[in-house]
Amino acid sequence: ENIPRAQPGDHTVTIASSTAGLTDSGIALTSPASVVATYGLATTANDLNLNYSIDFAPHGLAPNESSVGDYINRIMTAGSAPTMDPVITALFNIPNLPAYAAALQQVTPESYVGGQVTNLVSSATFENAMMSCHQASGHDGVSRFDSEGQCAWVVGSAQRSEHDASANNFKYSQDSEGLKGGLQFALNPV
């Protein structure tokens with residue numbers, strides 16, 4: 001019920017106190033399974049305390065996942081917002097690190113990077129193809145950039161972009177094929 005307001009950090013709550021003193025007769029704590037929260041009981045001469053720690057960036061995450069967890073810690077420290085309640089509750093209730101890491105991966109920007117890199121490379125390749133018509137010179141037929149001229153061109157292409165998985169990044173691969181063409185001529189010959 002109070003999960004969406006859980007504050008990151010180490011906390012202690014006294015759950016029983018007696019001026020006559022307490023005796024620990026082997027009391028045990030049954031707590032919900034959560035990768036972001038750890039619980040324990042501690043006794044003093046007069047108090048039974050519940051110690052708990054909340055960290056949305058637990059040890060064992062990849063760096064990008066830890067960054068998301070640290071950001072959530074800052075959101076929670078600032079007081080969160082009711083619109084975050086379902087997300088915080090869902091993350092809090094994840095019982096193990098692999099499932100928690102997978103949940104955080106869904107909000108990292110990594111899944112978008114592969115497509116962005118491929119689009120950037122494709123755009124640069126197309127731009128370079130459009131920049132000029134090369135004139136053939138001499139008898140050897142070698143294309144040289146001697147001067148701009150008039151031409152029509154068509155080029156087919158195929159590209160493959162890949163990145164292996166690492167502790168910081170997803171694995172991705174993307175294939176693209178294309179047909180590019182253009183014309184170059186002077187509108188007002190000088």
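A contact here means heavy atoms within 4.5 Å. On that basis, residues 24 or more positions apart account for 59% of the chain's contacts with a separation of 6 or more. The model is a predicted one, so to speak of local features takes a pLDDT of at least 70, and side-chain atom pairs count only at pLDDT 80 or more, while totals for chains, interfaces and linings use all residues. Residues are numbered from 1 along each chain as its sequence is written, and side-chain values use heavy atoms, with hydrogens and water left out.Four helices and seven strands make up the secondary structure, where helices (H or I, at least four residues) and strands (E, at least two) are DSSP runs numbered from the N terminus. Along the sequence they follow the pattern β-β-β-α-α-α-α-β-β-β-β. Of the 190 residues, 24% are buried, that is, under 20% relative accessible area with a 1.4 Å probe and protein chains only. The chain's accessible surface (Shrake-Rupley, 1.4 Å probe) comes to about 12,600 Å², and carbon and sulfur atoms hold 56% of that.

A pocket is an open set of points on a 1 Å grid over the protein atoms alone, where a 1.4 Å probe fits, with protein on both sides within 12 Å along at least five of seven lines; lining residues have an atom within 4 Å of a point. Among the lining residues are Asn-2, His-11, Tyr-39, Tyr-52 and Phe-92. Strands β2 (37–43) and β3 (47–54) each give two or more residues to this lining.

Pro-109 sits in the loop between α3 (97–105) and α4 (110–130). Pro-109 is exposed, at 57% relative accessible area, the cut-off being over 50%. Asn-64 lies 45 residues from Pro-109 in sequence, with 8.9 Å between their C-alpha atoms.
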